[in-house]
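My notebook is open and the viewer is loaded. I'll jot down what I look up, one topic at a time.

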Amino acid sequence: MTTRGGVVLRGVVLAVGAILFLFPFYYMVIGSLQREPNQTLAGLFPDPANLTVANYFDINARVNLLQGIANSGVFAAGVIIGTAVFGSIAGYALAVLQWRGRGAVFALALLVQVVPFQLLMVPLYVMIARDYGLADNYLGIMLPFLINSTAVIIFRQYFLQLPKGIFEAARIDGASEWQVLTRVALPLIRPALVTVILISFIGPWNEFLWPFLVTKKASMQPLAVSLANFISNVANSTANPFGTLLAGAVVLALPVAVLFIVFQRYFVASDLGSGVKG
C-alpha cells in the first residue's frame, strides 16, 4: 500500500505540475482566438461563438509574420551552425587533445558564464555596427552568438565520457584529428548535438535586445522585435489588442514548442552507451 500510495502521490504531483506549466500556453492560445477579450476566469472556457482566427490575420497585416519568421529563422540557423561547429571543435580540443594552457582556457569558458551579455552589448554594438558596418545585416545580428561557452562545456563533458581507446584506434588507422572528430566522436554524442541545437535555437529565436539595437529596417527585424514594435506603436489601433498580441506570441512560441516535443526524448535518454559498445 505504501508503494502504491507513493506512486499515486507522485502521479498527482506530476499532474499538478504539468497543469501549472501548461496553463500559460493554454491561456495564450485561448486568448489569441477570442473575438472579444475576456480576462476573467470564465474566459478560460470561452463561448465557441466568441472564437475566431481573425487576430492572426490582424497581427500578420500589422507586422508581416512571414518576414519576421524568416528573419528569426535565418538568425537562429546561423547561430546553430556556428555554435555546433565552433563548440564541437573547442569541446574536442579541451577534452581530447593535450596542449599547454588547456585548463586555463576551460576555466575561462566557465568564467564567461557569469559575465552578463548586457555588460558587453555597448562595446559590441560600437564594434559591429560602427566599425564593421554590419548594422541591418544578418551577420551583424549573428556575430555575438556564434560561439557559445555553454555549448563548448556540453561538448567537452560528452567527449570526456568516450573511451580514449576509440580515438587511439582511429589514429592508428590513419585518421586525422578532423576525421576523428567528425566520423568517430560526433556520431557518438548525438544527444549533445540535439541539446546544443535546442539551446542555440531558443536563445536567438526569442532574442530581442541585440537585434533591436542593430536593426532599424523593419524588413530585417526578427519576429520578437517586430512584436515589440507592435506593442509600442500600433497595438492600440487594433480592434482587439489583447487577442492580436497573444496571436503573435503563439506564432513566436510555436516553433520552440514543436522542436522540443520532437526532440524531447534526447533529454531523458542517451544512446551513448550503446554507441560505444557497438
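This is a predicted model: local features need pLDDT of at least 70, side-chain atom pairs count only at pLDDT 80 or more; totals for chains, interfaces and linings use all residues.

**Contacts and overall build.** I started with contacts, meaning heavy atoms within 4.5 Å. Among contacts in the protein with a separation of 6 or more, 72% are between residues 24 or more positions apart.

Residues are numbered from 1 along each chain as its sequence is written, and side-chain values use heavy atoms, with hydrogens and water left out.

Next I looked up the secondary structure: 15 helices and zero strands. Both kinds are DSSP runs numbered from the N terminus, with helices being H or I of at least four residues and strands being E of at least two. Along the principal axes, the C-alpha atoms fill a box of roughly 70 × 70 × 30 Å.

How much of the protein counts as buried? I got 37% of the 278 residues. Buried means under 20% relative accessible area, exposed means over 50%, and partly exposed is in between (1.4 Å probe, protein chains only). The accessible surface is about 15900 Å², and 69% of that belongs to carbon and sulfur atoms. These areas come from the Shrake-Rupley method with a 1.4 Å probe, and for residues only the protein chains shown count as cover.

For charges, I found 16 positive and 10 negative side chains, with the centres of the two sets 9 Å apart. Lys and Arg count as positive, Asp and Glu as negative, while His and the chain ends are not counted. Each charge is placed at NZ of Lys, CZ of Arg, CG of Asp or CD of Glu.

**Aromatic rings.** Rings of Phe, Tyr and Trp (its six-membered ring) pair if their centres lie within 6.5 Å; planes under 30 degrees apart are stacked, over 60 edge-to-face, and the rest tilted. By this rule I have eleven aromatic pairs.

Phe 155 and Phe 159 both lie in helix α7, four residues apart, or about one turn of the helix. I also noted a cluster in which ring pairs link Phe 75, Phe 117, Phe 145 and Trp 210.

**Charges over rings.** The rule here is NZ of Lys or CZ of Arg within 6 Å of the ring centre and within 35 degrees of the ring normal. The charged end of Arg 156 sits over the ring of Phe 106, 3.7 Å from its centre. Lys 216 has its charged end over the ring of Phe 212, 5.7 Å from the centre.

**Loop residues.** Most residues other than glycine have a negative phi. Asn 64, though, has a positive phi near 60°, and I found Asn 64 in the loop between α2 (54-63) and α3 (65-95). Asp 136 is also positive, at about 55°, and lies in the loop between α5 (117-131) and α6 (138-142).
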